[in-house]
Amino acid sequence: QVQLVESGGGLVQPGGSLRLSCEASGSIRSIYAMAWYRQAPGQQREWVADITNGGNTNSADSVKGRFTISRDNTRNTVYLQMNSLKPEDTAVYYCNADVLSTGWNRRGYWGQGTQVTVSS
């Protein structure tokens, strides 16, 4: 089995910063793309940013220039540095990883989510 565990969420004032982490563990042979999504109350889950195992990144227009995705392949960890946070960034943030397991099964996995609240 494969597990993803997020950390780093919390309460921050508008204009502040947070850094989210997501570590993958378990029966992992290889990890391909990793990504961050978020879901605000009453809304659908939306894509925030992703990164390939080679380091190529993409991000949503709503976070471009404020959020930066990165990864450490030696630690099977993806990060999301969030700067200039706005109240509309308030959501549960989920990481996702495209994983090839040691059993040669390839599928996407989700973390349990971490709450980010931006409020004064």
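Mentor: Let's start at the hairpin: β9 and β10 form one, with four residues between them, and W104 in the turn has a positive phi of about 65°. This is a predicted model, where local features need pLDDT of at least 70 and side-chain atom pairs count only at pLDDT 80 or more, while totals for chains, interfaces and linings use all residues. Residues are numbered from 1 along each chain as its sequence is written, and side-chain values use heavy atoms, with hydrogens and water left out.

Trainee: Which other strands does β9 pair with?

Mentor: β4 is one, antiparallel over nine bridges, with R38 bridged to Y93. β11 is another: three bridges join it to β9, again antiparallel, and Y93 stands opposite T114 there.

Trainee: What about β3, which strands pair with it?

Mentor: β1 (residues 2-7) pairs with β3 (residues 18-26) in the antiparallel sense over six bridges. In that pairing S7 has S21 as its partner, and V5 stands opposite E23. β8 (residues 77-82) also pairs with β3, antiparallel and over six bridges, with L20 opposite L80.

Trainee: Which residues of β1 are on its covered face?

Mentor: V2, L4 and E6 make up the covered face, and Q3, V5 and S7 the uncovered one.

Trainee: Why is S59 called buried?

Mentor: Check the number: buried means under 20% relative accessible area, exposed means over 50%, and partly exposed is what lies in between (1.4 Å probe, protein chains only). S59 has 17%, so it is buried. S59 sits in β6 (residues 57-59). Leaving out residues up to four places away in sequence, S59 touches W47, V48, A49 and K64, where a contact is heavy atoms within 4.5 Å.

Trainee: What makes the Y37 and W110 pair edge-to-face?

Mentor: Rings of Phe, Tyr and Trp (its six-membered ring) pair if their centres lie within 6.5 Å; planes under 30 degrees apart are stacked, over 60 edge-to-face, the rest tilted. Here the centres are 4.9 Å apart and the planes stand at 65°, so edge-to-face it is. The structure holds one aromatic pair. Y37 is in β4 and W110 in β10, so the pair ties together parts 73 residues apart in sequence. Y37 has a relative accessible area of 23% and W110 has 40%, so both are partly exposed.

Trainee: How do you know that R45 lies over a ring, and which ring is that?

Mentor: The rule wants NZ of Lys or CZ of Arg within 6 Å of the ring centre and within 35 degrees of the ring normal. R45 lies over the face of Y94, at 3.7 Å from the ring centre, and R107 over the face of Y109, at 4.0 Å. Both distances are within 6 Å, so they meet the distance part of the rule.

Trainee: Why is C22 to C95 called a disulfide?

Mentor: The label needs a pair of cysteine sulfur atoms within 2.5 Å, and here S to S is 1.8 Å, so it holds. C22 is in β3 and C95 in β9, so the link ties together parts 73 residues apart in sequence. Both cysteines are buried.

Trainee: Last one: what makes a nonpolar core?

Mentor: Buried Ala, Val, Leu, Ile, Met, Phe, Trp, Tyr and Cys residues, joined through side-chain atoms within 4.5 Å. The largest one has 31 residues, of which W36, V48, F67, V78, L80, M82 and Y93 touch the most other members. β9 gives the most, with five residues, and nine of the 11 residues in β9 are buried.

Conventions:
Pairing = 2+ DSSP bridges. Helix = DSSP H or I, 4+ residues; strand = E, 2+ residues; numbered from the N terminus.
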